[in-house]
Amino acid sequence: MTNELIFLKDQQQFIIDFTSCGIWGLHSKNTFEDNAVAMAVVNDRKGIIAGVIFHNYNPDAGTIEFSCYAAEKKWLSRKILNQILHYPFDELGLRIVFANFSEKQKHIKHMAERLGATTHILPDLWGVDEAKIVAILKAEDWKKSEIYVK
């Protein structure tokens, strides 16, 4: 069973809904803006196992935000990660990809730092007594990371 990253142009809303429900819950009013771009990680036994959303695109600043949700723990491989980050850095030519997440998600902070991202802690912005972490990954730092593959 191998996982594969796919871009389904005609299924963007489905992938966005899958990811939104996973991040915020079924009844949340949070959503992604209309120009968000969605990708899915699928496998041959379970179908979609993860959703990847690029949003808050600012071409003038050269930045985009990255959000994801995975229904399976082992969804992300080095190959898939390189394919995901190829989109903002190589196809769009952006200089920064950033992500926001709860301080409780220590594994995400660790992974972001392994990719070369700098992390910034913003107290109380995720919730009461819960910090938001903003991870900022610059293109040049990504290309120096141990995970990047040309």
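A word on ground rules: residues are numbered from 1 along each chain as its sequence is written, and side-chain values use heavy atoms, with hydrogens and water left out. Since this is a predicted model, local features need pLDDT of at least 70 and side-chain atom pairs count only at pLDDT 80 or more, while totals for chains, interfaces and linings use all residues.

**Helices**

Helices here are DSSP runs of H or I with at least four residues, strands are runs of E with at least two, and both are numbered from the N terminus. The expected span of a helix is 1.5 Å times one less than its number of residues.

| Helix | Residues | Number of residues | End-to-end C-alpha distance | Expected span |
|---|---|---|---|---|
| α1 | 12-24 | 13 residues | 18 Å | 18 Å |

Let's start with α1. Gln-12, Ile-15, Ile-16, Thr-19 and Ser-20 are buried there, where buried means under 20% relative accessible area, exposed means over 50%, and partly exposed is in between (1.4 Å probe, protein chains only). Looking down the axis of α1, its buried residues sit within an arc of 130°, so they line one face of the helix; the arc is taken from the directions from the helix axis to the C-beta atoms. An α-helix has 3.6 residues a turn, so residues three or four places apart point the same way. What do the buried residues of α1 pack against? They pack against β2 (37-43), β3 (47-58) and β4 (63-70), with contact meaning heavy atoms within 4.5 Å. After α1 comes Gly-25, with a positive phi near 100°.

Now α2, which isn't quite straight: there's a kink of about 35° at Leu-85, shortly before the proline Pro-88. That bend is the angle between axes fitted to the seven residues ending at a residue and the seven starting there. The buried residues of α2 include Leu-85 and Pro-88 themselves, along with Ile-80, Ile-84 and Phe-89. Just after α2, Gly-93 has a positive phi of about 70°.

**Paired strands**

Two strands pair if DSSP finds at least two bridges between them. β2 and β3 are antiparallel, with 7 bridges, and they make a hairpin with 3 residues between them. Val-41 stands opposite Ala-50 in β3. β3 also runs antiparallel to β4, again over 7 bridges, and Phe-54 has Phe-66 in β4 as its bridge partner. The hairpin of β3 and β4 has 4 residues between the strands, and Gly-62 in that hairpin takes a positive phi near 75°.

**Positive phi without glycine**

Most residues other than glycine have a negative phi. Asp-124 has a positive one, near 65°. Asp-124 belongs to strand β6 (residues 118-127) and is partly exposed at 47% relative accessible area. Asp-129 isn't a glycine either, yet its phi is positive, about 55°. Asp-129 lies in the loop between β6 and β7 (130-138) and is exposed, at 66% relative accessibility.

**Cysteines**

How many disulfides does the structure hold? It holds 0, a disulfide being a pair of cysteine sulfur atoms within 2.5 Å. Cys-21 is partly exposed at 33% relative accessibility, and Cys-68 is partly exposed at 30%.
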